Amino acid sequence: MPERYYKSLRDLPKEEYLASGHRLCAGCAAGTIIRHLLKVAGPNTIVVTATGCLEVATTPYPLTAWRVPWIHVAFENAASVASGVEAAIKALQRKGLIDPSKRINIIAIGGDGGTYDIGFQALSGMLERGHKVMYLLYDNEAYMNTGIQRSGGTPQFAWTTTTPAGRVWKGKHQPKKPISDIVAAHRIPYVATANPAYVLDMVNKFRRALEVEGPSFVHVIQPCPTGWRFDPSKSIEIAKLATETGMWINWELDHGEFRVTVPVPKRKHVKHYIRAQGRFRHLTDEDIEKIQEYINKEVERINKLVGKEVIGPLAE
Amino acid sequence: MMPEVRWRRLPLNANYAVAHAVKDSDVDVVAAYPITPQTTVVEKISEFIANGELDAEMIHVESEHSALSACVGASAAGARVFTATAAQGLELMHEILHIASGLRLPIVMTIATRALSAPISIWCDYSDVMNARDASWVTMFVSSAQEAYDSVIQAFKIAEHPDVLLPVMVAYDGFIMSHTYEPVLVAEDPAPIREFIPKRRDRIVLDPEKPVTMGPIAMPEWYYEIKYQQVEAMKNAYRVVKETIDEFAKRFGRRYPVVETYRLEDAEIGILTYGAIYGTLREAIDIMRSKGMKVGAIKLRLWRPFPYEEVLQAIKHLKLLIVADRAISYGARIAGPVALEIMSLLLYESERPEVMSVVIGIGQRTVTEEDFEQIAKLGAKWLEEKRIPRETIYWGVRGVTYA
Ligand SMILES: Cc1ncc(C[n+]2csc(CCOP(=O)(O)OP(=O)(O)O)c2C)c(N)n1
Ligand code: SF4
Ligand SMILES: [Mg+2]
């Protein structure tokens, strides 16, 4: 079982460190994710955010939604900036220039573009150097801030503005890059995937990620009504379907120990997830079967890793 | 009375002199990536940290983009930070150069100047640092290893001044200075240096006790005002640089004016340059003077903010000013960046010298006293014939001659 710091949502602090009134779209799950992250992290926290929807929507000068110290520098360097913040805190504490007894959480946040693609080198460098930074990837599966362009995290067949569905193309050609596996290959203390529809699982992972010594990485699926084309009231429903269909598996790798933290005894067909979103509207039943096959293989691989059937067979 | 500072005389190149200055300045965080001819700066600082002579965090970043990004993060968190680079490294940092100044972070960086690719060249010219002109960094060009040591110390004082809060770049010739040894006086004990640049705790930093948001998005109704503050900070820097030079001279006895002159008072022709070749130029002036030519030299030490008062003061009596640049603004009629700057100054002056723009030393094409003499003679001839060229002269290119 994963570490259970919180047994129910009532165990979470009441304080809010992400103020309401930010400019994220209605139904944007990024707000849900960050709000919970900051509840877990608390006030002794410094956040670095890469350029993207979250950054733009939360800091329209002279307003800000952040009640913890926060910095945005550029699109591709959140991990490098966070490395610098961490090194500074270390040096200043050692030299007695700031309170050495205070434990300060350092969190870097990047979108899929800022993590899979342009910020990948900086991320890898930070992980290799072993900075004690928690990196949060909020994955809405495209460059949303610039108007829904493809990223390395966009799933196969998804429509984006740079992978349109036409007579020749069926959306994006390639499947998602296995970013968390690649991060895990850096052998850092803690890597996890999470889903805001399973909040308790998610917040426990956040807490664990902040607690381990050394770098940690939490990859969270973030439904985006604007880019995925669904009704803003359905974000959490869609997020839940992602896990119920096996499109998104919640796991963690804690000091080399791998666990699936949200087992799915009976799996739903991927069509329930796919058909709920406009970005897959152009797909035929045959195309969806191709996605199903891909997911079946992925589920098989995960079950093999765990050594038992944590993600069950297709039931509906 | 301040106690007297004791100095140790060491044979150092400019890179090592910089490393000593970083140590004596008690820097907290260094993030840098190796590139010829800067590399030995980072190596030497690593040695100091490895031996416990400097208590700092060294971030072995995976690129220059990350080097400056990490410096931004560390500086934003309140640390005194340093980095160094050259050429391709400075280009890779370029995006973050503007962000470091826009966030008003007092980062100090040294550049061992180097020509830009392509073709790849590891040798010296100033095209790298000139490309960073508009990034809102206070920028100094220095001419000796001693000046490099002293300037890095001054750079922290200038950068961290509450009226400035801008990053500072100290540039010197790659190889010509980065790899040649000179005797340099370094502080026997760093205490007086550290007293000269005390760690200030008065700027806004990322502090959980006082949460701030840095680097927000500014809409058209605010962006301009924020950038205008940088304009004012640069104006303040002009004053603070000079105050710092005075304070440094008073405390440590070495003075580096923003514009230095040599045998210029009664000269008719002045030659202006920057960096190491100012030494060559001075030799050339002595040679020419011995032959009866009325020539003098001017060294530009401060590039941004541009010391227009001192430059004007120095050159206004001349008949001809020759500006020897080591970078090219391709496609410009006046392609030497400093020449162009000075010509724009002179537009408002009724009494003004003729100006001749010369590009020299590109990709470390050798520049000798002889070159300066020939350039001065050509200038004198053209002045006499009233035909100073209206466009830049490219001196020393195979097959390109002027008469
Ligand atoms: C160097 C650079 N290239 C491109 C951009 C333009 N840009 C800003 S945000 C963004 C996409 C962000 O995508 P992602 O990281 O997925 O975050 P999201 O907006 O989806 O939350 C792009 C392409 C930039 N700011 N900087
Ligand atoms: S475009 Fe998507 S990710 Fe961006 S704010 Fe809107 S819902 Fe959120
Ligand atoms: Mg995205």
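At roughly what angle do the axes of helix α1 and helix α7 of chain A cross? They cross at roughly 50° and come within 9 Å of each other. This is a predicted model, in which local features need pLDDT of at least 70, side-chain atom pairs count only at pLDDT 80 or more, and totals for chains, interfaces and linings use all residues. Residues are numbered from 1 along each chain as its sequence is written, chains are lettered from A and ligands numbered from 1 in the order in which they are written, and side-chain values use heavy atoms, without hydrogens and water.

**Helix packing in chain A**

- Helix α1(A) spans residues 29–41 and helix α7(A) residues 199–211; helices are DSSP runs (H or I, at least four residues) and strands likewise (E, at least two), numbered from the N terminus.
- The two helices are therefore oblique to each other, a class for angles that are not under 35 degrees (roughly parallel), over 145 (roughly antiparallel) or 65 to 115 (roughly perpendicular).
- Axes are lines fitted to C-alpha atoms, for helices over the stretch in contact, and angles run from 0 to 180 degrees between N-to-C directions.
- Contact (heavy atoms within 4.5 Å) involves residues including His36(A) and Leu37(A) of α1(A), and Phe206(A) and Arg207(A) of α7(A).
- The contact residues comprise nine nonpolar, two polar and one charged; Ala, Val, Leu, Ile, Met, Phe, Trp, Tyr, Cys and Pro count as nonpolar, Asp, Glu, Lys and Arg as charged, and the others, Gly among them, as polar.

**Cavities**

- On a 1 Å grid over the protein atoms alone, a cavity is a set of points where a 1.4 Å probe fits but cannot get out, and a pocket is an open set with protein on both sides within 12 Å along at least five of seven lines; lining residues have an atom within 4 Å of a point.
- There are two cavities of 30 Å³ or more.
- The largest cavity has a volume of about 100 Å³, and its lining has three nonpolar, one polar and seven charged residues.
- The second largest cavity, of about 50 Å³, is lined by residues including Leu210(A), which also belongs to the α1(A)–α7(A) contact.

- The largest pocket has a volume of about 1100 Å³; among its 33 lining residues, Gly102(B), Leu103(B), Gly215(B), Pro216(B) and Ile226(B) are the closest to its centre.
- Helix α8(B) gives the largest share of that lining, five residues.
- The second largest pocket has a volume of about 580 Å³, and α11(A) supplies the largest share of its lining, six residues.

Technical notes. Points joined across faces, edges and corners; volume = space filled by probe spheres on them.
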